[in-house]
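Please examine the sequence and the model before working through each solution.

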Amino acid sequence: MTVDKGHTNTAFVGDEAINGKKPPQAKTIDPNMYTLEIQEKKPGLEADYDPFQHRLVEHPTTNNETLIHLLKGSLGTGILAMPNAFHHAGWTVGVIGTVLIGLLCTYCIHLLIKAEYELCKRKRVPSLNYPAVTQTALLEGPEALKPLSKIIIHIVNVFLLIYQLGTCCVYVVFVSSNIKAIADYYTESDTDVRLYMLIILLPLILINWVRNLKFLAPFSTIANFVTLVSFGIILYYIFREPISFEDREQVGTMSGFALFFGTVLFALEAIGVILPLENEMKTPKKFGGNFGVLNKAMILIVTLYVGMGFFGYLNYGSAIKGSITLNLPEEEILAQCVKGMLAFAIYITHGLACYVAIDITWNDYLKKNLGDSPRSIFYEYIARTVLVLITFLLAVAIPNLELFISLFGALCLSALGIAFPALIQTCTYWHHRKGLAKVWMVAKNSIIGVVAILGLVIGTSTSMIEIIHTFGHDE
């Protein structure tokens, strides 16, 4: 299990990379802006500039390495929730819906990376992060949207922050629920899952006090191996018994589909890692394209998710829980080992998942206000602790895995993964496409935007209603 750093707080004008290292005579951007109108350009000047030739990457990744990173960034707690998502939607709607959502997500990612390349050419910069792409696109778009260019970076950051904290919240619930399942069986008790959350809290805080990503990398390597072995064992349990369609719904309810939509988005989307992965490639032109790294990865990811959701639901039916690990037979040691292994793998990568949230909160906002205070490191540790406590308190309030996954998927990824890429493409080419081509672009992206907004509003409201209902029932 790994979470690649989807946000970087440093950007530079000219032929500089966004990796935090400035070549000689690098010019730093205004701290209040991610991008600037860099220079007065002659028409067509951007055609002489190839961003790929100006990226300074210390350790560029190959196509296969990028493919593996993309797979690892998409395979996590989400795939374990897919059988439950199919239960909400029905197995027929589940299969078709997952494929369609996968196609939509893939298409929107293509829009994002193509727009980034075009904007880099125009601004003569080697690469841009997600907030920078969004702001630069608005500056290139309709006059009515340009005033929003200053605030859009904060909107994107808020969605990224909520998504990353939501992922950490899901991690806390997942780990605690699986530990509870093991402990309850062997102690023959029914301990409140919140007690296990409290037990794991202090080590979680200490893990998130690690300030350097390289010290977290070994944990990711261990977690990747453990996760791979665990998935293999889960597949063994799924296919151990004959698959039956008896009493398995083909089509679920509308509210069930809303929960399904949020869960699939949370599971499929790895929007935070897309631009960093493409920017680190040795041959970034191979990332997009019909037979590029992105399409290959998404075909594998969608296939895995459809398979896990379809066969997992057919195996356990309406008894399926928020994570398929909780359905594994309690009396078998191997099944209990899987729960423990995955709980351990998710637990030790909590620091990686929270790293992006810490980076946004501290480097983009708090550190700028505190300046070079001698106590800045002390304040940073406080900020790290507070962010962990926020995820802990959310998990304690509503310890429901499936509803949290659906909520954060619908709320954040409808915007980050679908709506913003459509907006970015529209603004990027607003003055560069004419006639029917422009009409088609605007119409197509408007439809995508409407789908994203409906998914956000309906998915979020449905999840919140279910959370309130669950909370009231627990009380």
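**Exercise 1.** Identify the buried residues of helix H3, and state what they pack against.

*Solution.* Step 1: the buried members of H3 are Met82, Pro83, Asn84, Ala85, Phe86, His88 and Ala89. Buried means under 20% relative accessible area, with exposed over 50% and partly exposed in between (1.4 Å probe, protein chains only). Helices are DSSP runs (H or I, at least four residues), numbered from the N terminus.

Step 1: because 7 of the 8 residues of H3 (residues 82-89) are buried, the helix is largely enclosed by the rest of the structure.

Step 2: these buried residues pack against helix H2 (77-80), H4, helix H9 (254-268), helix H11 (293-316) and H15. Contact means heavy atoms within 4.5 Å.

Step 3: just after H3, Gly90 takes a positive phi of about 90°.

*Note on the model.* This is a predicted model, in which local features need pLDDT of at least 70 and side-chain atom pairs count only at pLDDT 80 or more, while totals for chains, interfaces and linings use all residues. Residues are numbered from 1 along each chain as its sequence is written, and side-chain values use heavy atoms, with hydrogens and water left out.

**Exercise 2.** Is Lys123 buried or exposed, and which side chain does it join in a polar contact?

*Solution.* Step 1: Lys123 belongs to helix H4 (residues 91-123). Step 2: its relative accessible area is 7%, so Lys123 is buried. Step 3: its side chain forms a polar contact of 3.2 Å with that of Glu140. A polar contact is a pair of N or O atoms within 3.5 Å; within protein, one must be able to donate a hydrogen and the other to accept it, and residues adjacent in sequence count only if both atoms are side-chain atoms.

**Exercise 3.** Describe the surroundings of Pro421.

*Solution.* Step 1: Pro421 lies in helix H15 and is buried, with a relative accessible area of 0%. Step 2: not counting residues up to four places away in sequence, Pro421 touches Cys108, Leu111, Leu112, Tyr130, Ala415 and Leu416. Step 3: the C-alpha atoms of Pro421 and Tyr107 are separated by 9.3 Å, although these residues are 314 residues apart along the chain.

**Exercise 4.** Which residues touch the most other members of the largest nonpolar core?

*Solution.* Step 1: a nonpolar core is a set of buried Ala, Val, Leu, Ile, Met, Phe, Trp, Tyr and Cys residues joined through side-chain atoms within 4.5 Å. Step 2: among the 122 residues of the largest core, they are Tyr130 and Ile234. Step 3: leaving aside neighbours within four places in sequence, the contacts of Ile234 include Leu80, Met308 and Ile324.

Key:
Helices (H or I, at least four residues) and strands (E, at least two) are DSSP runs, numbered from the N terminus.
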